[in-house]
Amino acid sequence: MIEVKRITKQYGNTTVLEECSLTVEKGEIYALVGVNGAGKTTLQKLAAGFLEPTSGRVYVHGMPAWENKEEIQRYLGSLIEVPVFYEHLTAEENLNLHLEYMGVQADVGKILGTVGLEGIGSKPVSAFSLGMRQRLAIARALLHRPEILILDEPFNGLDPVAADEMKRVLMKSAGDGMTILISSHILGDIAQMADTVGIIAGGKIQKEFSMKEYREKEAGEFEREVLQIMKGGTI
Ligand SMILES: Nc1ncnc2c1ncn2[C@@H]1O[C@H](COP(=O)(O)OP(=O)(O)OP(=O)(O)O)[C@@H](O)[C@H]1O
């Protein structure tokens, strides 16, 4: 569903990604892990069609993402960087406007319930806490039941209960066939929910972990290996 093929991305003279490739299959949760500045957000923006690659291509739903950046939004839900809302409007009004923009219909009340914002009522978004904004952003990403979800640090600002609920929602969605590309610094979250974990370093995916295999290993083995790679060691 997402195919990153030998992508290079430069900002001016700085090369952030260099001949980077990865594939995310239908129904898979693929997690990107890497140190600050490794290029996780850049890669997710390229996959969402928000950035033009310097070279190489990303294919989403079989289409080159940048060349079809408007078309692919029908298949995509995304939460990348700080979500922007109409601050003076309620959660429901914001979601209804999003539906209008996407030209689709969905049950706004139901999705607000899914992210724990049921009964939020007439409070404007300007009065939301960080966690409430994050929940609303996840609701917006899920709203039109996209085939593909791209989430950059979606658990930021969520309390442990909300983060746990969100993980369950995402795992259920993937079980129903949704393809998810996610980034997170919280290795415990990643270990729990991802099918595949890609460590990004030096502009490339340095190692991929199949989590099925790691779940059968000794507890803590995954975290130990990831940290070792991120610190520049070898295993
Ligand atoms: N618009 C931009 N112009 C110039 N440089 C940029 C731009 N966006 C990102 N960068 C640089 O690209 C590199 C990768 O940034 P990116 O945000 O993709 O990393 P990240 O892995 O998501 O980091 P973090 O874990 O801190 O969120 C960083 O060195 C960053 O400074």
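Author: Gladly! Domain bounds come from an automatic or database domain assignment. In this predicted model, the protein chain is divided into domain 1 (1-75 + 148-162 + 177-235) and domain 2 (82-145).

Reader: How far apart are the C-alpha centres of domain 1 and domain 2?

Author: Those centres are separated by 25 Å. Eight residues of domain 1 and seven residues of domain 2 make up the contact. On the side of domain 1 that touches domain 2, five residues are nonpolar, two are polar and one is charged.

Reader: And how should I read the nonpolar core?

Author: In soluble globular proteins, nonpolar side chains tend to be buried together. Here the largest nonpolar core has 67 residues, and those with the most contacts inside it are Ala 31, Ala 47, Ala 139, Ile 150 and Ile 180. Helix 4 (residues 130-142) supplies the largest share of this core, seven residues. Both domain 1 and domain 2 give residues to this core, so it lies between them.

Reader: Which residues is Ile 150 in contact with, leaving aside its neighbours within four places in sequence?

Author: Ile 150 is in contact with Gln 44, Ala 47, Ala 48, Leu 76, Ser 78, Ile 80 and Leu 181.

Reader: Now the ligand: which residues are around it?

Author: Around the ligand are Tyr 11, Val 16, Gly 34, Asn 36, Gly 37, Ala 38, Gly 39, Lys 40, Thr 41 and Thr 42. This shell divides into three nonpolar, six polar and one charged. Helix 1 (residues 40-47) gives the most to the shell, with three residues.

Terms used:
Residues numbered from 1 in each chain as written. Predicted model: local features only at pLDDT ≥ 70, side-chain atom pairs only at ≥ 80, totals over all residues. Core = buried A, V, L, I, M, F, W, Y, C linked by C-beta atoms within 7 Å. Buried ≥ 20, exposed ≤ 12 C-beta atoms within 10 Å, placed from the backbone. Helix = DSSP H or I, 4+ residues; strand = E, 2+ residues; numbered from the N terminus. Contact = placed C-beta atoms within 7 Å. Nonpolar A, V, L, I, M, F, W, Y, C, P; charged D, E, K, R; others polar. Near = placed C-beta within 6 Å.
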